[in-house]
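I opened my notebook to record what I looked up in this structure.

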Amino acid sequence: MSDLAKVIRHSARGMITLRGDLTSSPLKKAVKAATGYTVPKAGHIAGDDTKGVIWMSPDELLVMVPYGEVEATLAALDKTLLGKHYLAVDVSDARAVFTVEGAQAHEVLARVCPVDLHADSFAVGAFRRTRMAQVAAAIWRHEAGFDVICFRSVGDYAEGLLRNAAAAAPTGALG
Amino acid sequence: MLILECPYCGVHAEETELSPGGEAHLKRFGPGSSEDEFEGYLFVRENPKGVHFERWRHAYGCGKWFHAARCTTTLEVFGTYPAQTTEPPKDIKDKISAKRPGWRWRDFA
């Protein structure tokens, strides 16, 4: 039997945690300069995995750039935000990244996350931090399916979890 | 299952995504307070059948602390509100009064 969805584990992506006052104009400008996107509203991602910005909490963003550009982006952020109250730190190597793609990808994630993943409540561009079985994870929906990030220390666990969930037979409960 | 809306990120988080933080609106009594006050702060808690105010943390989400007003008998949630307050906001109190007339919880009513 074929799997419900395809689970792909990616090599490290460039990720920068940026904390500060998300409404301040220097921070907005810095994010725009680094990614080309404006700060998204709560629970959303702007851009995509190669270059984008994610709303993580009321005072935290995750800036995504190509892995090789992290250092330059950090330097640019530090320059723009000098003297402001902020934190920008490279977390690229602290994360494991997966893509779950296919028409049934939502069912795979629904098995391990307590989240309503119906397209009406979790549309393309929606982002959410949640619990994936026993570990913290963050997911967002894109055209092909979902991207999942979690701590690399639990990356093997998360990979097994997703592959196992994808291998089980469909229940049809989600339509 | 208990589902609370995080007032910071708007997510409807299910109980397992949250960490319970015990009773809300405790007033801290530290050095210089009387023994009775300190004992009350440390140990004396409400255990009501009905309206209750609690602290919760959106642990698997944005990580922020917030308050929830709910009923311990029916598990009905009256509302959630940010933690930067020393008493429940008026709209939450009004909502409780509409559903549980005459309710009382510590000094709030």
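I began with a rule: buried means under 20% relative accessible area, exposed means over 50%, and partly exposed lies in between, using a 1.4 Å probe and protein chains only. I noted that this is a predicted model, where local features need pLDDT of at least 70, side-chain atom pairs count only at pLDDT 80 or more, and totals for chains, interfaces and linings use all residues. Residues are numbered from 1 along each chain as its sequence is written, chains are lettered from A and ligands numbered from 1 in the order in which they are written, and side-chain values use heavy atoms, with hydrogens and water left out.

**Entry: R13(A)**

Is R13(A) buried or exposed? I found R13(A) at 9% relative accessibility, so it counts as buried. I placed R13(A) in the loop between β1 (6-10) and β2 of chain A. Helices (H or I, at least four residues) and strands (E, at least two) are DSSP runs, numbered from the N terminus. Next I looked for polar contacts. These are pairs of N or O atoms within 3.5 Å; within protein, one must be able to donate a hydrogen and the other to accept it, and residues adjacent in sequence count only if both atoms are side-chain atoms. The side chain of R13(A) makes one with the side chain of D49(A), at 3.4 Å. I also listed contacts (heavy atoms within 4.5 Å). Beyond four places in sequence, R13(A) is in contact with residues including D49(A), Y67(A), W140(A) and D147(A).

**Entry: L4(A)**

I moved to L4(A), in the segment before β1 of chain A. Its relative accessibility is 11%, so L4(A) counts as buried. Leaving out residues up to four places away in sequence, L4(A) touches several residues, among them Q104(A), V108(A), A165(A) and P170(A). I also checked L4(A) against A96(A): they are 92 residues apart along the chain, and their C-alpha atoms are separated by 21 Å.

**Entry: cores**

I looked up nonpolar cores, which are sets of buried Ala, Val, Leu, Ile, Met, Phe, Trp, Tyr and Cys residues joined through side-chain atoms within 4.5 Å. The largest has 29 residues, and I16(A), L77(A), L4(B) and W56(B) are among those with the most contacts inside it. Both chains contribute: β2 (14-20), α1 (25-35), β4 (52-57), β5 (60-65) and α2 (70-81) of chain A and β5 (65-71) of chain B each supply at least two residues. A second, separate core has 27 residues, including F98(A) and L161(A). I then returned to I16(A). Not counting residues up to four places away in sequence, I16(A) touches residues including L61(A), V70(A), L74(A) and V91(A).

**Entry: the largest pocket**

I needed the grid rule here. On a 1 Å grid over the protein atoms alone, a cavity is a set of points where a 1.4 Å probe fits but cannot get out, and a pocket is an open set with protein on both sides within 12 Å along at least five of seven lines; lining residues have an atom within 4 Å of a point. The lining of the largest pocket includes H25(B), Y41(B), W105(B) and R106(B).

I looked at R106(B) again. R106(B) lies in the segment after α2 (90-99) of chain B. R106(B) has a relative accessible area of 34%, so it is partly exposed. Its phi is near 50°, a positive value in a residue other than glycine.

**Entry: the largest cavity**

Which residues line the largest cavity? I wrote down W55(A), F127(A), R129(A), C9(B) and H58(B) among them. β8(A) gives the most to this lining, with three residues.
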